[in-house]
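Biologist: Hi, could you walk me through this model? I'm new to reading structures, so please keep it simple.

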Amino acid sequence: MKNLKNYILSAAVLVAFMSCSKDDDNPVANNVTLEFNNTFGDTPIVLGDATSSTATKNTSEAGQIHHFEEVKYVISNIRLIKADGTEIPYNVNDLDNGATVVNQANAETLSYVMNDIPVGDYTEIKFGLGVKSELNTLDQTSFPNFYANAGENDTEMHWEWGTGYRFTKIEGFYGSGNDDLSIHSGSTLTDDEGGNIVQGVDAYRDITLTLPTTAVVGNSAPTIAIKADFDYLLSGQSHTITLGDNNATPSIHTAVEMTKFVDNLGGASTIDSTGMFSIISVNN
Amino acid sequence: MKNIVSILAVIVLVTSCSNDDNYESTPFNNPELNISIPEGFPLLNNSFYTNKPTTFGVELGEKLFSEKRFSTNNTISCSSCHIQAHAFGDNNAQAIGIEGRVGLRNTPPIQNLAFLNFYNWDGSKLQLENQPLVPIITHEEMDSSILEVISKIENDAEYQDLFEKAFGDADITSERIYKSIAQFEYTLISANSKYDRVKRNEDSYTQIEAEGALIFEQKCASCHSSELFTDQSFRNIGFPLNTDTNEAGRARVTGAIEDYMSFRVPTLRNIEHTAPYGSFGQFATLRAVLDYFDNGVIEADNLDPILKDNNNRIPLTEVEKTSLIAFMKTLSDNEFLGL
């Protein structure tokens, strides 16, 4: 049966190629690249260990100096919105082809290329910080590539006990003593046998950003530069957080503390739909 | 054009072949097991009804339960920690996975799970079918992945045969692995201890056991209630704290500060055989647990109201402790333990 599918697919692809090949000048689709810039304010983040002299230091609203050794987050459920309001979803139910782990330590992951975006003028982008609950099951069978990428030893974005993905993983240091800072987020939702969510915390956040310049997909393949300003982690729209023994290390998994970080980074859904994200530029 | 013709030809070829795939297969005959529900036990978990134990489902689940290829280096299986003689728990303070890696918590026994609505110390899972993946992928346990497991066993003729008998064809899928293990676990019912026989008027307590039963009613049964000896609530009872920063008890799941360091009330069935006690094995003996309650537990904002109302203690005399332990030993089910 699998073979049969492949043959049908190759036939379809063949037909598609044949029909396309004439009109190179008028493409029906093109790429859109998302470029993630992880910053403290306007300063790009440079990672470093506890005693690093090159790492970018930031001071929170509460006056705590901090810097990071590791910054990772999952982007999924990407949708581009046309001027007329039409929403073009990009493989929103396929983590292998529609989700990515942005890892500050790996330059390749800072650009995410979306293929075959239909021609059009786009004025808004939506995406998820994290993985929406119905796909957040560590289902290796359905999404082997995303599972593998997220599970790599240098990535560690599996949240095993919750059988879901980590949505953000930030390791670093704070205060004059360079105490450990280790902030992980992820959902702990659990369904009953009927698929209704009956317990847990949803750490997924839907982000909506208006594009300052229309992204024109056609002969041009736009690049949308997105800023993720990690100053928001401790000094966000929702909470001003002072790190201490009870919230700087993974006991924030208790989710009480975790939710504050999640709200700061991804917005507290009703009030704030941008969190730490903003658009730097659109290059057509 | 030539290509399309040849592709179409191949399609015809492939479809015409697939007809005889099942030619040799025997009729699918896999009767449901008759699980008898012990008198007075609570309702089954609803998931049971969508995954009822079958003859071959359980046989397959039992085999998978002891499959060492579940671990990345083929050294441990479920049954390495879930040992029958310990009510499918073990005697380690905290679970020990591959290469001697130490887990966060004490291995929970696997008994009467068909009747529970919350699994694990923190109730993170509500259906048994959703649990087997956790130890397979956890670094401190088996550190593997479900596709790695499937790739190791899918060419094993014995498994192909059992999957076919259990599910109608030889496809080895993650869902079938989880379901068959859950089916096996559903059959692990302990209800033939001395306590049960006394209830059925087939046996009688010694004097000290009878005294213990009375004290148990007064001082323990508000939490260790029902025939499962747990009310399945989550409580902070002021036990010594696990300082691992990953531990938060039930709050890890709910995010509610009032659940901080709360754990599911454990069953006391076969408790004689599941030492040490506590979420990370804080207590070596039952006596140590009772001494601790008697001396007073750690204060906490969300300490269980029953303890708060009693000065953070469960006062017990030495004689009462001895009789309570004698009563708790009547909860041992040697048939279930295979002793």
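**Contacts and overall make-up**

Modeller: Happy to! In chain B, 68% of the contacts with a separation of 6 or more are between residues 24 or more positions apart. Two residues are in contact if their C-beta atoms, placed from the backbone, lie within 7 Å. This is a predicted model, in which local features need pLDDT of at least 70, side-chain atom pairs count only at pLDDT 80 or more, and totals for chains, interfaces and linings use all residues. Residues are numbered from 1 along each chain as its sequence is written, while chains are lettered from A and ligands numbered from 1 in the order in which they are written.

Biologist: How many helices and strands does chain B come to?

Modeller: Chain B has 14 helices and two strands. Helices (H or I, at least four residues) and strands (E, at least two) are DSSP runs, numbered from the N terminus.

Biologist: And what box do the C-alpha atoms of chain B fill?

Modeller: Taken along the principal axes, roughly 90 × 50 × 30 Å. Of the 339 residues in chain B, 42% count as buried. A residue is buried if 20 or more other C-beta atoms lie within 10 Å of its own, exposed if 12 or fewer, and partly exposed in between, with C-beta atoms placed from the backbone.

Biologist: Where does UniProt place a domain in chain B?

Modeller: The unreviewed UniProt entry puts "domain: Cytochrome c" at residues 56-157 and 207-339 of chain B. UniProt positions are given in the numbering used here, feature names are shortened, and annotations may be inferred rather than shown by experiment. Residues 56-157 of chain B are 27% helix and 0% strand, with end C-alpha atoms 15 Å apart. For residues 207-339 of chain B, the figures are 35% helix and 3% strand, with the end C-alpha atoms 25 Å apart.

Biologist: Let's zoom in. How many residues of helix α2 of chain B are buried?

Modeller: Eight of the eleven residues in α2(B), which spans residues 55-65, are buried. Among them are Phe56(B), Leu60(B), Glu62(B) and Phe65(B). Their cover includes α3 (78-81), α6 (157-167) and α7 (174-186) of chain B.

Biologist: Now chain A. Which residues are buried in its helix α3?

Modeller: In α3(A), residues 144-151, the buried ones are Phe146(A), Tyr147(A) and Ala150(A). Seen down the axis of α3(A), its buried residues fall within an arc of 100°, so they line one face of the helix. That arc is the one spanned by the directions from the helix axis to the C-beta atoms. The cover over these residues includes α2 (95-98), β6, β9 (158-159) and β10 (164-165) of chain A.

Biologist: What about strands? Which strand does β4(A) pair with over seven bridges?

Modeller: That is β11(A), residues 168-174, and the pairing is antiparallel. Two strands pair if DSSP finds at least two bridges between them. Val71(A) stands opposite Ile170(A) in β11(A). Six bridges also join β4(A) to β8(A), residues 120-129, again antiparallel, and Ile75(A) has Leu129(A) as its bridge partner there.

Biologist: What lies between β4(A) and β5(A)?

Modeller: They form a hairpin with four residues between them, and Gly85(A) in the turn has a positive phi of about 95°. The hairpin of β3(A) and β4(A) has five residues between the strands, and Gly63(A) takes a positive phi near 90°.
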